[in-house]
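Please keep the sequence and the structure in view while reading.

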Amino acid sequence: MIPYAGSHRPSSGLHSTDPDEDPVIRPFMLTNGRTQPLQDGLRIETLLYAAPAALSAPLRFESRRIVELAQSPMSVADLSVALRAPLGVVRVIVADLITQGYLTVQESVGELSTSLIERIRDRVRAL
């Protein structure tokens, strides 16, 4: 996984001389400059699920990682934390994956539990 411009590790750019330092990719490059997702209505607590067949799809980088992580239901916020990527970037990539049919939105049943709300809050703070 490639760290982002907002990661906690300082970086001097794409061609670093430090062998322990990863190159930096700007978030807008991951979304082709888009800031709004194609699929509207994705909230941070939206649970996503990828079918096992999606693992064989020709996906690259963050899209592949999202499909791997979403083999069990994960929220958009959880994916953002796992990828160490800005929430807006993850929403755009996730919306693309939904449009392409690699991810599905798991319908929630009723209200959110207190533990889920607290977990989402903690994950967003971790960003």
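The axes of helix H2 (residues 61–69) and helix H4 come within 10 Å and cross at roughly 70 degrees; axes are lines fitted to C-alpha atoms, for helices over the stretch in contact, and angles run from 0 to 180 degrees between N-to-C directions. H2 is therefore roughly perpendicular to H4, a label for angles of 65 to 115 degrees, with under 35 counted as roughly parallel, over 145 as roughly antiparallel and the rest as oblique. On the H2 side the contact is made by Glu62, Ser63, Ile66 and Val67, and on the H4 side by Ile93, Val94 and Leu97; contact means heavy atoms within 4.5 Å. These residues divide into five nonpolar, one polar and one charged. Here Ala, Val, Leu, Ile, Met, Phe, Trp, Tyr, Cys and Pro count as nonpolar, Asp, Glu, Lys and Arg as charged, and the others, Gly among them, as polar.

The model is predicted: local features need pLDDT of at least 70, side-chain atom pairs count only at pLDDT 80 or more, and totals for chains, interfaces and linings use all residues. Residues are numbered from 1 along each chain as its sequence is written, and side-chain values use heavy atoms, with hydrogens and water left out.

| Helix pair | Axes come within | Crossing angle |
|---|---|---|
| H2 and H4 | 10 Å | roughly 70 degrees |
| H3 (residues 76–83) and H4 (residues 87–99) | 9 Å | roughly 115 degrees |

The angle between H3 and H4 makes this pair roughly perpendicular. In the contact, H3 supplies Val76, Ala77, Leu79, Ser80 and Leu83, while H4 supplies Leu87, Val90, Arg91 and Val94. Seven of the residues in the contact of H3 with H4 are nonpolar, one is polar and one is charged.

H3 is largely enclosed by the rest of the structure, because six of its eight residues are buried; buried means under 20% relative accessible area, exposed over 50% and partly exposed in between, with a 1.4 Å probe and protein chains only. The buried residues of H3 are Val76, Ala77, Asp78, Leu79, Ser80 and Leu83. Their cover includes strand S1, H2, strand S2 (74–75), H4 and helix H5 (114–126).

Two residues call for a remark on backbone geometry. Most residues other than glycine have a negative phi. Arg84, in the loop between H3 and H4, has a positive phi of about 55 degrees although it is not a glycine. With 38% relative accessibility, Arg84 counts as partly exposed. Phe61, found in helix H2, has a positive phi near 50 degrees. Phe61 is exposed, with a relative accessible area of 52%.

Pro52 lies in the loop between strand S1 (47–49) and H2. Its relative accessibility of 52% places Pro52 among the exposed residues. Pro52 and Tyr102 are 50 residues apart in sequence, and their C-alpha atoms are 9.5 Å apart in space.

For the chain as a whole, there are five helices and three strands, where helices (H or I, at least four residues) and strands (E, at least two) are DSSP runs numbered from the N terminus. From the N terminus on, their order is α-β-α-β-α-α-β-α. Of the 127 residues of the chain, 34% count as buried. Among contacts between residues at least 6 apart in sequence, 62% join residues at least 24 apart.
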